[in-house]
Amino acid sequence: RVYFDGGVVENADAETFVVLPTPDGCAWARDREHVWHRQYLWHDHWDGEILNEVVGADPESFEALDGTFGRDRAHVWRGGARVEGARTEIFRVLGNGWTRDASTLWYAERRVAADPGTLVIHGDYAILMLAEPALEVIGDGYARDGEAMLFAGYTIEASGPARSLGG
């Protein structure tokens, strides 16, 4: 049996079970037949953590990108949810919920923009920017795309001094 945070990990094979380390902590695990993602339990207080099976993930090819995102040969995953349309071989984590591949920018698993002619990759886990205008990840879900302010992938109106958030 495999135990995590005091509970049994259902269907886990103890001989092949491994926790996959990530730069921001261990949030993924796999064995020969399954992939799991750590979920924090909050109600009105901290209730612990559990490992939820990522149904459909391929354990043989699965790799953790960070504590939130992982990929296998066919799909990109945000926790247990597929990031639909993401190209697994070139998918990159930008930070603060922002990700991209060669043609699309996402916030969480929601598509924000697509223009393959203007996206430039500057390396793994670096800030990847749109060529014109540049995407600047500010933090806490905020980003700036030239003059447009974005929060959680949505364009927001900024007025007065608030327009200079993060800069």
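Reader: How many salt bridges does a search of the whole structure find?

Author: Side chains of opposite charge can pair when their charged atoms come close. In this predicted model, a search of the whole structure finds seven salt bridges.

Reader: With which residue does R73 form a salt bridge, and how far apart are the closest N and O atoms?

Author: The partner is D58, and the closest N and O atoms are 2.9 Å apart. R73 lies in the loop between β8 (69–71) and β9 (76–78), and D58 in the loop between β6 (46–53) and β7 (63–64), so the pair ties together parts that are 15 residues apart in sequence. R73 also forms a salt bridge with E60, with 3.5 Å between the closest N and O atoms. This pair links distant parts of the chain, 13 residues apart, E60 being in the loop between β6 and β7.

Reader: Why does R73 count as exposed, and why does D58 count as partly exposed?

Author: Exposed means over 50% relative accessible area, buried means under 20%, and partly exposed lies in between. R73 has 54% relative accessibility and therefore counts as exposed, whereas D58, at 22%, counts as partly exposed. E60 is exposed, with a relative accessible area of 68%.

Reader: Which residues are linked in a network of salt bridges?

Author: The network links D13, R32 and E33. Another salt bridge joins R87 to E89, the closest N and O atoms being 3.3 Å apart. R87 is partly exposed at 39% relative accessibility, and E89 is partly exposed at 48%.

Reader: Which residues make the nonpolar surface patch?

Author: F151, Y154 and I156 make this patch of about 270 Å². Y154 lies in strand β20, residues 154–156.

Conventions: Residues numbered from 1 in each chain as written. Predicted model: local features only at pLDDT ≥ 70, side-chain atom pairs only at ≥ 80, totals over all residues. Heavy atoms only, no water. Patch = residues over 30% accessible without salt bridge, like charges linked within 9 Å, V, L, I, M, F, W, Y side chains within 5 Å. Areas by Shrake-Rupley, 256 points an atom, 1.4 Å probe, with all protein chains shown as cover. Salt bridge = Lys/Arg side-chain N within 4 Å of Asp/Glu carboxyl O. Helix = DSSP H or I, 4+ residues; strand = E, 2+ residues; numbered from the N terminus. Buried < 20%, exposed > 50% of the residue type's maximum accessible area, 1.4 Å probe, protein only.
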